[in-house]
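Please look at the chain displayed here, and keep the sequence beside the 3D view while you read.

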Amino acid sequence: MQLTADEKLVQEKESALKAAKGPDGAVLRTPAELAEIVSRFASSDGWMEKVRLRADRRWYERLYHGPDHEIWVISWLPGQSTGFHDHGGSSGALVVATGILEEHCPGERARVIHPGQPHPFGSDYAHDVRNVSVAPAISIHAYSPPLRDMNEYELDGGRLVPRGASSRETETDRQWQVQRTDALSMEQVLSAARARLRRLTPDEAYEVMVKKEAILVDIRPEGQRATEGSIVGSLIVERNVLEWRFDPSSSARLSVVTDHDIQVIVFCSEGYTSSLAAVALKELGLWRATDVIGGFQAWKDMGLPIVPAELDGRQNSKTSG
């Protein structure tokens, strides 16, 4: 029996709806939606303290699992990589939170993935992701539907050849099992980062800022600024876009970024995330980059100029209105 035009339209919509659902009937996320998810997650608070580093291989942990998608955090020491792999039919997206990663796809030039640049991909995507820098990197990944299979490949000329059987496991947790033996703690990571910095006390940072010899940069998320207040004369550039704004070769750089010789002093709430951020800027060639010891809280305790949270909030309301 021949279908009418309306019946064909209904049938096409039903087919599209079925294609957008996972095995359990959950509506799947698109790569663009996953890119938005990882970007929001990377700029949120609370997950960084869970991160560990492993000397023998990448460290990873699933931070969220739902019917339509899951979220993972992965840490990378210099030289660590995934090897070529697919995602078993799942779409995905990743964003680098700190450091720099490099992606390799068959027949294409290597792509550098900078912090704050979400990278979505479809269900048939295969790649090799590597940390080829000299500093640790941390990335956030989301997959829809949640991972069930991952197939590994060898690169033969310009094409991928399956490396044995599928890496399927009965449980994703078994496939991505986290072993923390010989893992580095965040204290060790911070110590390594700070060994590369000539960190400044709040009064030292204030002095060079007043003399206009440096740019003081507030990398705290909006929620923290609204609660804690802000530093008079500081430039707000949140952590997830910091490298893009201060890379002299980036099309998204700020107008004050004229060369690699500018001194950038970053601060966060208490001086932890800022150390990792300053080292990331050093990786971009900003050799004078550093951070404030103790962050905003130490600055405030020393009685240096701030805009209190309540006043800062009123000013922001006037500006937005």
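Directly after helix α5 comes lysine 212, a residue whose phi is positive, near 60°. This value, like the others in this briefing, belongs to a predicted model, and the mean pLDDT of the chain, which is the predictor's confidence, is 84.

- Within α5, the residues Pro202, Ala205, Val208 and Met209 are buried, and because they cover an arc of only 135° around the axis, they lie on the same side of α5.

**Aromatic pairs**

- A pair of aromatic rings is described by two values, the distance of the centres and the angle of the planes.
- The count of aromatic pairs in this model comes to two.
- In one of them, the ring centres of phenylalanine 121 and tyrosine 125 are 5.2 Å apart and the planes stand at 15°, so the pair is stacked, as planes under 30 degrees apart are counted that way.
- Phenylalanine 121 has a relative accessible area of 3%, which means that this residue is buried, the limit being under 20%.
- Tyrosine 206 and tryptophan 299 form an edge-to-face pair, with 5.8 Å from centre to centre and 80° between the planes.
- This pair links distant parts of the chain, since tyrosine 206 belongs to helix α5 (residues 202-210) and tryptophan 299 to helix α9 (residues 295-301), 93 residues apart.
- How accessible is tyrosine 206? Its relative accessibility is 30%, so tyrosine 206 counts as partly exposed, whereas tryptophan 299, at 1%, counts as buried.

**Charges over rings**

- The charged end of arginine 220 sits over the ring of phenylalanine 296, at 4.4 Å from the ring centre.
- In a second case, the charged end of arginine 288 sits over the ring of tryptophan 287, at 5.8 Å from the ring centre.

**Confidence along the chain**

- A pLDDT of 70 or more is reached by 82% of the residues.
- Confidence is highest in strand β17 (residues 264-267), with a mean of 98, and lowest in helix α3 (residues 172-175), with a mean of 38.
- Over residues 165-182 the pLDDT is below 50, although this stretch has 40 contacts in the model beyond near neighbours in sequence.
- Residues 12-19 also stay under 50 in pLDDT, and for them the model has zero contacts beyond four places in sequence.

Notes
Residues numbered from 1 in each chain as written. Predicted model: local features only at pLDDT ≥ 70, side-chain atom pairs only at ≥ 80, totals over all residues. Heavy atoms only, no water. pLDDT = per-residue confidence, 0-100. Helix = DSSP H or I, 4+ residues; strand = E, 2+ residues; numbered from the N terminus. Contact = heavy atoms within 4.5 Å. Phe/Tyr/Trp six-rings, centres within 6.5 Å; stacked < 30°, edge-to-face > 60°. Buried < 20%, exposed > 50% of the residue type's maximum accessible area, 1.4 Å probe, protein only. Lys NZ or Arg CZ within 6 Å of the ring centre and 35° of its normal. Arc of directions from axis to C-beta.
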